[in-house]
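Subject: Structure for you to look at

Hello,

Please find the structure below, followed by notes on what turned up in it.

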Amino acid sequence: MAKRLLKVGVGDDVARSHVVATRRNRRQSELRFDPMPERVEPCLALLAAKAPTTSDWAMEVKWDGYRLAVHIERGKVRILTRGGHDWTTRFPTIAHDALEMGLDSAILDGEAVVLDERGASDFGALQRALGGRGGKRSAAGALLYAFDLLYLDGRDLRGMALDERRDMLTRAIRPHGSIRLSEELNADGAAFLKLACELGLEGIIAKRRDAPYRSGRGGDWLKIKCVQSETFLILGYEPSAAALGGIGRLLLAARNGDSLAYVGSVGTGFTTMTATELKRQLKTLEIPKPAIPIKAKGTIWVTPTLPAEIAFRGWTNDNNLRHASYKGLREEADVEDLYEIDA
């Protein structure tokens with residue numbers, strides 16, 4: 001891999017200054033290698049109302065799946081979720097193809113997705129492939145769209161600018177089976193967002209070209225959505241004999257400081273299968289009264305521990321969701337990404 005990079009970058013100052021060494025051998029004991037991190041807290045995108053339009057921002061499609069870090073080292077691979085859970089066995093095809101790329105050591109940052117018939121990422125389909133929240137099935141058909149390279153062949157790349165990391169990513173990765181490169185576009189942000197929305201995509205991501213890789217939600221990456229989609233906790237449900245799976249609607253809450261705040265309900269987006277499984281899980285969490293002060297007749301209250309991904313079009317004047325649609329349950333680790341309203 002390193003030899004190929006060297007050949008490509010012979011006349012290129014950037015590539016020449018950042019190409020890393022091949023495997024260490026006994027005659028290379030004087031070379032210094034950066035220790036490979038056990039885990040890297042991901043760089044997160046900050047929600048923005050408008051896309052930037054200047055050329056110092058790179059644009060990508062916003063994928064709707066699970067954020068993964070793929071660690072490759074000494075012929076082994078680990079696939080970690082955003083929360084640090086090891087899901088290597090749940091993405092066997094991605095794990096296999098990562099080793100097939102022939103990298104000595106690397107950390108790829110990307111998103112695991114399942115595509116629908118239009119070629120758009122479908123979060124619900126990915127959840128079903130994994131067996132739902134807490135499921136044990138593997139998503140053998142999932143794809144990984146890699147969009148960043150944090151470590152390569154003994155070199156920690158996080159201090160480099162995005163443009164330099166992307167350059168090394170495109171050289172290091174040949175699209176292989178389930179692993180693909182998330183394309184970066186030189187496009188006007190507003191025009192790209194308009195196109196993404198017309199195609200029915202979730203939105204776009206904008207990234208500062210000169211920024212290093214910084215963990216957390218610092219503003220170097222922005223997400224601009226066509227349809228908002230956030231994580232809320234389920235407070236309770238209204239049973240219905242006429243509705244799919246017996247759920248008429250879910251009552252939802254967001255984080256409000258150290259407590260929860262009611263944000264309305266959702267009654268669409270269910271299938272018979274998803275609603276039936278959801279009701280089964282909710283019945284194990286039933287409690288006699290709501291976890292926060294709220295009145296709603298005919299509601300069965302539950303311990304608010306299930307994080308649901310909800311698509312919606314905006315907010316009403318009384319801070320309830322508008323035109324909400326259920327997308328699926330997220331894993332318990334995703335509670336840390338619960339939507340937080342302004343206090």
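Glu309 sits in strand E16 (residues 307-312); helices (H or I, at least four residues) and strands (E, at least two) are DSSP runs, numbered from the N terminus. With a relative accessibility of 4%, Glu309 counts as buried, where buried means under 20% relative accessible area, exposed over 50% and partly exposed in between (1.4 Å probe, protein chains only). Leaving aside residues up to four places away in sequence, Glu309 touches Phe123, Ser229, Glu230, Thr231, Ser325, Tyr326, Lys327, Gly328 and Arg330; a contact is heavy atoms within 4.5 Å.

This is a predicted model, in which local features need pLDDT of at least 70 and side-chain atom pairs count only at pLDDT 80 or more, while totals for chains, interfaces and linings use all residues. Residues are numbered from 1 along each chain as its sequence is written, and side-chain values use heavy atoms, with hydrogens and water left out.

Cavities

A search of the whole structure gives 3 cavities of 30 Å³ or more. A cavity here is a set of points, on a 1 Å grid over the protein atoms alone, where a 1.4 Å probe fits but cannot get out; lining residues have an atom within 4 Å of a point. Points are joined across faces, edges and corners, and the volume is the space filled by probe spheres set on them.

The largest cavity holds about 120 Å³ of space. It is lined by 14 residues, and those closest to its centre are Val40, Pro42, Leu68, Ala69 and Asp109. Strands E3 (66-73), E4 (76-81) and E5 (105-113) each supply at least two residues of this lining, with the largest share, 4 residues, coming from E3. By class the lining has 8 nonpolar, 2 polar and 4 charged residues (nonpolar: Ala, Val, Leu, Ile, Met, Phe, Trp, Tyr, Cys and Pro; charged: Asp, Glu, Lys and Arg; polar: the others, Gly among them).

Helix H3

In helix H3 (residues 92-100), the residues Ile94, Ala95, Asp97 and Ala98 are buried. The buried residues of H3 pack against E3, E4 and E5, and also against strand E6 (143-152) and strand E8 (179-181). After H3 comes Gly102, with a positive phi near 80°.

Most residues other than glycine have a negative phi. Arg74 is not a glycine, yet its phi is positive, about 50°. Arg74 lies in the loop between E3 and E4 and is exposed, at 71% relative accessibility. Asn319, also not a glycine, has a positive phi of about 65°. Asn319 is in the loop between strand E17 (314-315) and strand E18 (321-322), and is exposed with a relative accessible area of 52%.

Cysteines

How many disulfides are there? The count comes to 1, taking a disulfide as a pair of cysteine sulfur atoms within 2.5 Å. The bond joins Cys197 to Cys226, with S to S at 2.1 Å. The link of Cys197 and Cys226 is left-handed, with -95° about the S-S bond. Cys197 lies in helix H6 (residues 189-198) and Cys226 in the loop between strand E10 (221-225) and strand E11 (228-239), so the pair ties together parts 29 residues apart in sequence. Cys197 is partly exposed, with a relative accessible area of 35%, whereas Cys43 is buried at 2%.

Regards

Methods
On a 1 Å grid over the protein atoms alone, a cavity is a set of points where a 1.4 Å probe fits but cannot get out, and a pocket is an open set with protein on both sides within 12 Å along at least five of seven lines; lining residues have an atom within 4 Å of a point.
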